[in-house]
Amino acid sequence: MASPYQTLEIERSGRVATLWMNRPDVFNAFNEQLIADLHQACAELDADAGVRVVVLAGRGKHFSAGADLNWMKRASAYGEAENMADARRFAGMLRALSDMNKPTIARIQGAALGGGTGLAAACDMAVAADNASFSTSEVKFGIIPAVISPYVLRAIGPRHALRLFQSAERISAARALEMGLVGEVVPVDALDAAVAALAETLVAGAPQAQKAAKDLIAAVNGRPIDDAVSEETASRIARRRATDEARDGIAAFLEKRPPAWLQ
């Protein structure tokens with residue numbers, strides 16, 4: 001069967017699916033087609049119960065160089081309504097990636113610039129090769145990293161963002177690790193092994209509990225630790241303990257057997 005995607009490849013290995021951006025000739029730069037393909041592929045993999053972990057990766061030397069120059073040129077000629085529709089499509093794709101019901105890992109080598117940095121931040125976690133570099137480079141073109149900003153802010157916080165959004169400087173993988181943009185930096189030749197090891201760890205977790213853990217962070221982050229938050233967290237764990245998944249997980253531990261989600 002022919003692939004429905006012009007700019008992507010999906011590679012499945014057991015319960016892990018790798019979503020490969022496949023425009024290496026332009027360093028996996030974004031255009032309208034790649035945005036549409038990414039959005040559709042996220043929906044496809046999110047609905048596939050056989051997929052437990054999604055890895056986002058880029059073919060070739062670079063993860064993603066950001067916006068395709070031809071796309072930027074076309075956008076510069078758009079009117080306000082066309083620009084709004086175009087920006088909404090980009091925002092919708094990032095939201096689909098961020099809101100997936102299963103863990104997502106960004107596998108990053110080479111450049112991750114502009115929207116490429118946004119993709120890394122929209123994933124739940126990121127593993128970078130030591131040759132990776134990052135930049136929110138939009139101000140160099142007279143624009144701003146608006147659509148990617150919620151995800152980058154979530155990853156690195158406002159203080160770091162104030163500098164990067166205004167300076168457009170390129171930072172190393174080591175600096176991205178210090179800021180929290182990535183969670184692990186490894187040699188280039190160890191990148192696939194590091195991503196596979198992390199994916200294997202994630203597959204061992206209970207899928208519904210992982211989604212509930214993701215929802216928990218969104219519900220609690222940034223709120224004061226008060227009676228309302230205490231009640232919220234107590235309610236969430238009480239509901240989770242009553243699920244079939246939790247009952248089986250606890251029983252499996254006590255009985256020294258694999259839980260149902262690993263069988």
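Buried here means under 20% relative accessible area, exposed means over 50%, and partly exposed covers what falls in between, all with a 1.4 Å probe and protein chains only. The structure is a predicted model, in which local features need pLDDT of at least 70 and side-chain atom pairs count only at pLDDT 80 or more, while totals for chains, interfaces and linings use all residues. Residues are numbered from 1 along each chain as its sequence is written, and side-chain values use heavy atoms, with hydrogens and water left out.

We begin with the overall fold. The protein chain contains 10 helices and 9 strands, where helices (H or I, at least four residues) and strands (E, at least two) are DSSP runs numbered from the N terminus. The radius of gyration is 19 Å, which agrees with the value near 18 Å that a compact globule of 263 residues would have. This radius is taken over C-alpha atoms, and the globule rule is 2.2 Å times the number of residues to the power 0.38. Along the principal axes, the C-alpha atoms fill a box of roughly 60 × 50 × 40 Å. Of the 263 residues, 43% count as buried.

Contacts and surface come next. A contact means heavy atoms within 4.5 Å; among contacts between residues at least 6 apart in sequence, 70% join residues at least 24 apart. The accessible surface of the protein chain comes to about 13800 Å², and carbon and sulfur atoms hold 57% of that area. Such areas come from the Shrake-Rupley method with a 1.4 Å probe, and for residues only the protein chains shown count as cover. The chain carries 29 positive and 31 negative charges, whose mean positions are 1 Å apart. In this count Lys and Arg are positive and Asp and Glu negative, with His and the chain ends not counted; each charge is placed at NZ of Lys, CZ of Arg, CG of Asp or CD of Glu.

Thr-7 is buried, with a relative accessible area of 6%. Its side chain makes a polar contact with the side chain of Asp-37 at 2.8 Å. A polar contact is a pair of N or O atoms within 3.5 Å; within protein, one must be able to donate a hydrogen and the other to accept it, and residues adjacent in sequence count only if both atoms are side-chain atoms. Beyond its neighbours within four places in sequence, Thr-7 is in contact with Trp-20, Met-21, Asn-22, Arg-23, Gln-33, Leu-34 and Asp-37.

Most residues other than glycine have a negative phi. Asn-28, in the loop between β2 (16-21) and α1 (32-47), has a positive phi of about 55 degrees although it is not a glycine. Lys-256 also has a positive phi of about 55 degrees without being a glycine.

Some C-alpha separations complete the picture. Gly-142, in the loop between β7 (133-135) and α5 (149-167), is exposed with a relative accessible area of 65%. Gly-142 and Ala-132 are 10 residues apart along the chain, and their C-alpha atoms are separated by 25 Å. Leu-69 lies in helix α2 (residues 69-76) and is exposed at 62% relative accessibility. Leu-69 and Gly-14 are 55 residues apart in sequence and 37 Å apart in space, C-alpha to C-alpha. Ala-190, in the loop between β9 (184-186) and α7 (191-203), is partly exposed at 25%. Ala-190 and Asp-130 are 60 residues apart in sequence, with a C-alpha to C-alpha distance of 9.8 Å.
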